[in-house]
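I opened this model to look up its fold, its core and its surface. My entries follow.

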Amino acid sequence: MLCTLWLFDLAESGGCMKPSILWPVVGKYPITFSFGEAPKWYTDYFGYPHNGIDIGCPIGTPIVAVDDGIVNFADDIPDCDGKGLILKHSCGISCYWHLNKLSATWNGTCDKGAIIAESGATGYVTGAHLHFAIKVNDDQPAGMRGWSDP
C-alpha cells in the first residue's frame, strides 16, 4: 500500500546523493524532540545528543518505509528501546523505534511508502511517538556517531 506523504528533500553529501525520503508517519504530526538536541538529562543518560527526531503521534498510527530497502533488523521485544525496525537502503539505513506492532519482517523487502509498522509507546518513553533516525553513507556530523539529520 503506497501513501501520499510529505517529502524531505536532502542535499548532496560526499559521493552519495541523500535520497528524497518520505515522512515516516501517515499524517501530519509534530516533531517533539529534534535531531541533535542535548539537554543535560539526555546526555547524562545516553552520552551523546539525540540521534534522530521524535514525532508525536497516537498509538497505532501507520509507519511507512521512507525509501526502498531491506529489513536489516526487526526487534519485537519491548525492551528499553521498545519494538523497532532498521531498514537498509542504497545510501544508508533508517531506524524506527517505540513501535506498537511490526508489519515488516527480518530480511523482507520494503517498497518506499509501504506500511511497515504502527507507532507505539514501547520502551522508555514519556508518551506515544515514533523515534526516527537515519545514517547516510558519507554523511557523519561531528559528535553524532554517524547519525544524520533527517
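**Fold and core**

I counted one helix and 13 strands in the chain; these are DSSP runs numbered from the N terminus, helices being H or I with at least four residues and strands E with at least two. The order from the N terminus is β-β-β-β-β-α-β-β-β-β-β-β-β-β.

I noted the ground rules. This is a predicted model, where local features need pLDDT of at least 70, side-chain atom pairs count only at pLDDT 80 or more, and totals for chains, interfaces and linings use all residues. Residues are numbered from 1 along each chain as its sequence is written, and side-chain values use heavy atoms, without hydrogens and water.

I checked confidence next. Mean pLDDT (the predictor's confidence in each residue, from 0 to 100) is 83 for the chain, and 84% of residues reach 70 or more. Over residues 1-17 pLDDT stays under 50.

I then looked at burial. Of the 150 residues, 49% are buried (under 20% relative accessible area; exposed is over 50%, partly exposed in between; 1.4 Å probe, protein chains only).

Which residues have the most contacts inside the largest nonpolar core? I found Leu-85, Tyr-96, Ile-116 and Leu-130, in a core of 30 residues. Such a core joins buried Ala, Val, Leu, Ile, Met, Phe, Trp, Tyr and Cys residues through side-chain atoms within 4.5 Å. Strands β6 (53-55), β9 (83-89), β10 (92-102), β12 (115-119) and β13 (130-136) each supply at least two residues of this core.

Last, I looked up Phe-46. It lies in helix α1 (residues 40-46). Phe-46 counts as partly exposed because its relative accessibility is 39%.

Technical notes: Contact means heavy atoms within 4.5 Å.
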